[in-house]
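Visitor: Please take one part of this model and examine it closely, then relate it to the other elements that can be described with confidence.

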Amino acid sequence: MARAADAPVYSPQLLSGRYGSRPLKVVRRTVEVLTALGAFGLKLVLDQRRGMLDERRRLRAAELRRIFTRLGPTFVKIGQGLSTRPDICPPEFLEELAQLQDALPTFSNAEAFSCIERELGLPLDSIYSLISASPIAAASLGQVYKARLKYSGQFVAVKVQRPGIEEAIGLDFYLIRGLGFLVNKYVDFISSDVVALIDEFARRVYQELNYVQEGQNARRFKKLYADKADVLVPDIFWDYTSVKVLTMDWVDGVKLNEQEAIEKQGLKLLELVNTGIQCSLRQLLEYGYFHADPHPGNLLATPEGKLAFLDFGMMSETPEEARFAIIGHVVHMVNRDYEAMARDYYALDFLSPDVDVAPIVPALKNFFDGALNSTVSELNFKTIVDGLGAVLYEYPFTVPAYYALILRSLTVLEGLALYADPNFKVLAASYPYFAKRLLTDPNPYLRDALIELLFKDGRFRWNRLENLLVQGRKDRDFTAKDALQPVLKLLLGPDGEELRVLVVKEAVCVTEAVVLGTMIDAYNSAPVFMRTIIPNGSAISPFKLNDGEQERMLELRDRVFRIWSLLRSSENFDPSLLQPILQVLQEPEARNLGGRVVGGITQRLAARWLQQVLRS
C-alpha cells in the first residue's frame, strides 16, 4: 500500500487543467484520430460502391487493427470489445481484432526491467533466477514476462506497465469527454448522461493503472468465487508487486477463442463458457462484485479443464437492491407482467421516483409480446438488449454505469459461445441459476417473486414448479433441502395467511386427484366382470365425471408425482432432511393449517359422492 500512495486517479478537473492550456496538443490528437478513422470509413464506402466489400474484408480488418494499435491504448480497448461481438463484426474482423487482446507491439526490455528495479527497489537478479528474454504477451496497458522467483523456484507472471500510459489515456479521455458534452447537448435520441458513462469507464481504466489495486481485486475475487473446483484465480506475490509491477502465479492455458486448441486437449468450449456464465451470474447477482473485462485474453482453459480468470484491473459492483430486482425482472418477463417490469426500473435506478411508468408499459408489451412467442430460454441476449434499448431511447431512462458493464460482461460471454455454437443462448444457460435462486433463496423479495410465478388468479401453476425444479436441478449447487424449508417457513409465518388460503385450496385439489386417481387406476386394472358390480360404475370409470374432468385430474396427480420424483432424485437427497419439516409441522399454526386441509378434503369428497348419487 505504501508503494501505491502515488497511484494515478481519474479526475476530470485535473485533465481539464492539464490539457485546457495545451490547445495545440489537443488539436493535433483530434486531427490524428479523425484522419485515421475518417480515411478508414471512406475506404469502406468506396469498397461498397465498387462491389468489393467482401473481397477486401480481410484487408480492411487488418487495417483497422493497425489503426487501433497506432491510436493507442484507449482505441485498443474499443477493439478488444468489438473482437468478442460476432453479431456486430464479420469473422475476418473478429480474428484480426482478437490480436489486440495480447499481441500488441511491445516496448523495450530495458525499459521494462528498469521499471521493475525502480518500483521494487531491488536488482533484477536478486528477485528472479530467470526471466523470459522477451514478453510473453503485450496488452493495452502493459506487457507480461514469465519468470522464476529466486527464493522459491515458483514460476510467475510479471506484468509491467507501459511507459507514458497515463499521459496517453488522459488526453484521449479529455477529448472523448468533450465529445460527450456535445452528445448530451445536441443528440436528442440519447437520453442517458453520456458524460457520466464516460467518467465511469475512465475511472475503471485508471484503476487498471494501479497494479496494487488490481492485486487486491484478485484477492477478493478469489475469496468469493474460487471455491468452485472449475474456477481458477492466481495468487498474488505482494513482496514483488507495486503500482506499475504485478507478480502473480503463472497459469498454463489456452484462450477461450482458440476452439481447436481447446478441443485438442479433450476439453469442450461450451462447457467452459457455461462455467464462465455460471460464475458471472454469481458475480452479478449473488455477491455483486464482478469482472467487467472478461475478453478471451483474460479467460484461459487450463489443461485440467478449469476456467482461469486473469487481469483484475477492471471490476465493478452491482447494488444489492438491483441484484434482486434483476431476478424479479426475469420473473415478471416470464409472467408477461409489464406493469411490474416497468416498476422494476425504479429499483434498478433506471428511473427517478417521480417518473410515471404508465406510458412505458405499452412499449414493453409491444416488444416482449412478439419476442416471447418463443420460450424465454430461446431468446438471444442481444435480442433482449436491442429491444430494451429501443425502449430506453424513447423514454426518460438513465442507464447506470454498472448496467453498462453488466451488458459488456454478458455479451462478451455470449460472443465467445457463438464461436462454437451459432445457436447458443445465454438466457437458456442462465435459467438453471435463476430457478435455483428462486427456489432456495430466503430473501423476501425473491420469495414474493416465487409466489408471483407459481400462483395466478388463485390457482397454483404446477407446470411452473415442475419446470423450475427441472431447471434448478441442472445447477450443481441445488438441493431439495434448500428448496423445501424456506417455502414452509414462508407458508407458516405470521404474514402467510393469504398464501395459506391458496395452499389449502390447492392441497384439497391435489389430495382429491391422488385419491380418485388411485381409485380409477385400481378400477381400470380390475377384470371386466368386476367393474359391472361396482356401484355407480361404468365400462370406462367408477365415476361419472364431466368431459375432460378425469383427464385433468389424472394430469394433476401425475404432475405432482413427477415433482416429488424430481425432489427425491435431487443430488444429496436424504429422507432425514424432512425431519426439520416435521418439527415445523408441530407448531400451532401448522396444526391449524393441517386441520383446514383435512376439513377441505372431507367436504370435497363428500360433495363428490353426492354428485355421483345425483348423476346416477
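Guide: The side chain of Gln 143 reaches the backbone nitrogen of Phe 107 at 2.9 Å, where a polar contact is a pair of N or O atoms within 3.5 Å; within protein, one atom must be able to donate a hydrogen and the other to accept it, and residues adjacent in sequence count only if both atoms are side-chain atoms. The model is predicted, so local features need pLDDT of at least 70 and side-chain atom pairs count only at pLDDT 80 or more, while totals for chains, interfaces and linings use all residues. Residues are numbered from 1 along each chain as its sequence is written, and side-chain values use heavy atoms, with hydrogens and water left out.

Gln 143 lies in strand 3; helices (H or I, at least four residues) and strands (E, at least two) are DSSP runs, numbered from the N terminus. With 0% relative accessibility, Gln 143 is buried, a class that means under 20% relative accessible area, against over 50% for exposed and partly exposed in between (1.4 Å probe, protein chains only). Leaving aside residues up to four places away in sequence, Gln 143 touches Thr 106, Phe 107, Ser 108, Ala 112, Pro 135, Ala 137, Ala 138, Val 158, Lys 159 and Val 160, contact being heavy atoms within 4.5 Å.

Ser 140 sits in the loop between strand 2 (137–138) and strand 3 (142–149). Ser 140 is also buried, because its relative accessibility is 4%. Beyond four places in sequence, its contacts include Pro 73, Val 76, Leu 104 and Ile 165.

Arg 70, in helix 3 (residues 57–71), is by contrast exposed, with a relative accessible area of 54%. Its contacts, not counting residues up to four places away in sequence, are Glu 32 and Ala 36. Arg 70 and Pro 105 are 35 residues apart in sequence, yet their C-alpha atoms are 9.5 Å apart in space.

The helix pairs come next. The axes of helix 2 (residues 23–49) and helix 8 (residues 165–186) come within 10 Å and cross at roughly 80 degrees; axes are lines fitted to C-alpha atoms, for helices over the stretch in contact, and angles run from 0 to 180 degrees between N-to-C directions. Helix 2 is therefore roughly perpendicular to helix 8, given that 65 to 115 degrees counts as roughly perpendicular, under 35 as roughly parallel, over 145 as roughly antiparallel and the rest as oblique. Lys 25, Val 26, Arg 29 and Thr 30 of helix 2 meet Glu 167, Leu 171, Asp 172, Tyr 174 and Leu 175 of helix 8. These residues comprise four nonpolar, one polar and four charged, where Ala, Val, Leu, Ile, Met, Phe, Trp, Tyr, Cys and Pro count as nonpolar, Asp, Glu, Lys and Arg as charged, and the others, Gly among them, as polar.

For helix 19 (residues 444–454) and helix 20 (residues 462–472), the axes come within 8 Å and cross at roughly 125 degrees, which means that helix 19 is oblique to helix 20. Leu 450, Leu 453 and Leu 454 of helix 19 touch Arg 464, Leu 465 and Leu 468 of helix 20, giving five nonpolar, no polar and one charged residues.

Helix 14 (residues 338–347) is largely enclosed by the rest of the structure, because seven of its ten residues are buried; among them are Tyr 338, Met 341, Asp 344 and Tyr 345. Asp 349, which follows helix 14, has a positive phi near 70 degrees.
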